[in-house]
Amino acid sequence: MKKQQVMTILRPVQDPFIHKRFVETDAIKSVEIDEDNGKLTINIALSKLNQPENDQLNKELTNKLMQAGASEVTIHFTKLPEEQLKKYPQYQVMMSPLLNGEADTTFLAIASGKGGVGKSTVTANLAVNLARQGKRVGIIDADIYGFSIPHMMGVTKKPTLQGNRIIPVEVHGVKVMSMDFFVEGNDPVIWRGPRLGKMLNSFFIEVEWGDLDYLLLDLPPGTGDMALNVHTTLPSSKEIIVTTPHETAAHVASRAGKMALNTQHDIVGVIENMSYFESQLTHEREYIFGQGGGKWLAKELNAPLLAEIPLGQPQNAQSGGSIYAEDEVIGMIYRQMAEAVIHETRR
Ligand SMILES: Nc1ncnc2c1ncn2[C@@H]1O[C@H](COP(=O)(O)OP(=O)(O)OP(=O)(O)O)[C@@H](O)[C@H]1O
Ligand SMILES: [Mg+2]
């Protein structure tokens, strides 16, 4: 093999943690080729050492290089200098108190296939009910364009600054961070592409979350960039998939579920929302959006069905937005859901 060939194979490979290509981080420190026997010895600098991802990377690279003609491959990993790493936002995120491995926080991303199935309603109410169970809870409204969490939870305040740290707004016992706080009035967000990723990053780097048991992320619908972004930013996030009972919604939701599984994220369970309408007069149930979507999806994803939530607005909707009280029927279903989530996540 020629050095040039080796470089061509290695350059586009990504650092497994900060997701920058080797050519960008100048990761390939040395390549030695034994002309006589084709043995390769390579030094590569990574953002983190002694991680399972590194063994995986070692295997993959060795395979690739053997296929390209090397007779034997030895790869040594060293660490990129801290000074250089500090410049990468992804590294700052990785090193933020929530993600550097010191905090014992369970991340729960709330996803769906289709829009409008009730992700944000579920996120807000699940968070409030986890807090009602005594857990320390935060929400990141990761739906940067379609943010709705602050309005649903009846937030009227803005976050405050302490030095250069952002203190999240607290409502119903839950700390909340949303794009809503950074736009004037109800103007649409006109940012595109990379700036959105930066916003999500700054929710981790610049916000003073304190100690949390759970951090919930309300995702935009579908399997787009932002959902993928969350998956790569939070390597250990768990996922809750929301669907309606309708066959199409469940079918589309299974793609969101598979995206989670493809990125090695556990699925905590499935929530079926808008399951039926129950008449207050006769207590008859009508299955307005069909039946069976939640059960089918749970089976498809091999995950428990955590709740079936009927149609109905909170009784005191005018004061508290979309949060159901503890003693109303849907409020009690949310309480059971929170208990199921605590059980499933062993907290
Ligand atoms: N169980 C329910 N009964 C009645 N209305 C509900 C129920 N769940 C959600 N809704 C209403 O349905 C609408 C959509 O819900 P929500 O905004 O939570 O969905 P979403 O999946 O987050 O939507 P998007 O994809 O736009 O982010 C809202 O007006 C909400 O109040
Ligand atoms: Mg939403």
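Trainee: Which residue in S3 is the bridge partner of Leu46?
Mentor: In this predicted model, where local features need pLDDT of at least 70, side-chain atom pairs count only at pLDDT 80 or more and totals for chains, interfaces and linings use all residues, side-chain values use heavy atoms, without hydrogens and water. Residues are numbered from 1 along each chain as its sequence is written, with chains lettered from A and ligands numbered from 1 in the order written. Strand S2 (residues 39–46) runs parallel to strand S3 (residues 72–79), joined by 8 bridges, where pairing takes at least two DSSP bridges. Within S3, the partner of Leu46 is Lys79.

Trainee: Through which helix does the chain cross from S2 to S3?
Mentor: Helices (H or I, at least four residues) and strands (E, at least two) are DSSP runs numbered from the N terminus, and the chain has 13 helices and 15 strands. The β-α-β crossover from S2 to S3 is right-handed, meaning a clockwise path over the helix with the strands pointing away from the viewer. The helix on this path, spanning residues 52–67, is H3.

Trainee: Does Leu311 count as buried, partly exposed or exposed, and why?
Mentor: Leu311 sits in the loop between strand S15 (305–309) and helix H12 (317–320). Buried means under 20% relative accessible area and exposed over 50%, with partly exposed in between (1.4 Å probe, protein chains only). Because its relative accessibility is 30%, Leu311 counts as partly exposed.

Trainee: What percentage of the chain's residues count as buried?
Mentor: The C-alpha trace of the chain spans about 90 × 50 × 35 Å along its principal axes. Of its 347 residues, the share that counts as buried is 49%.
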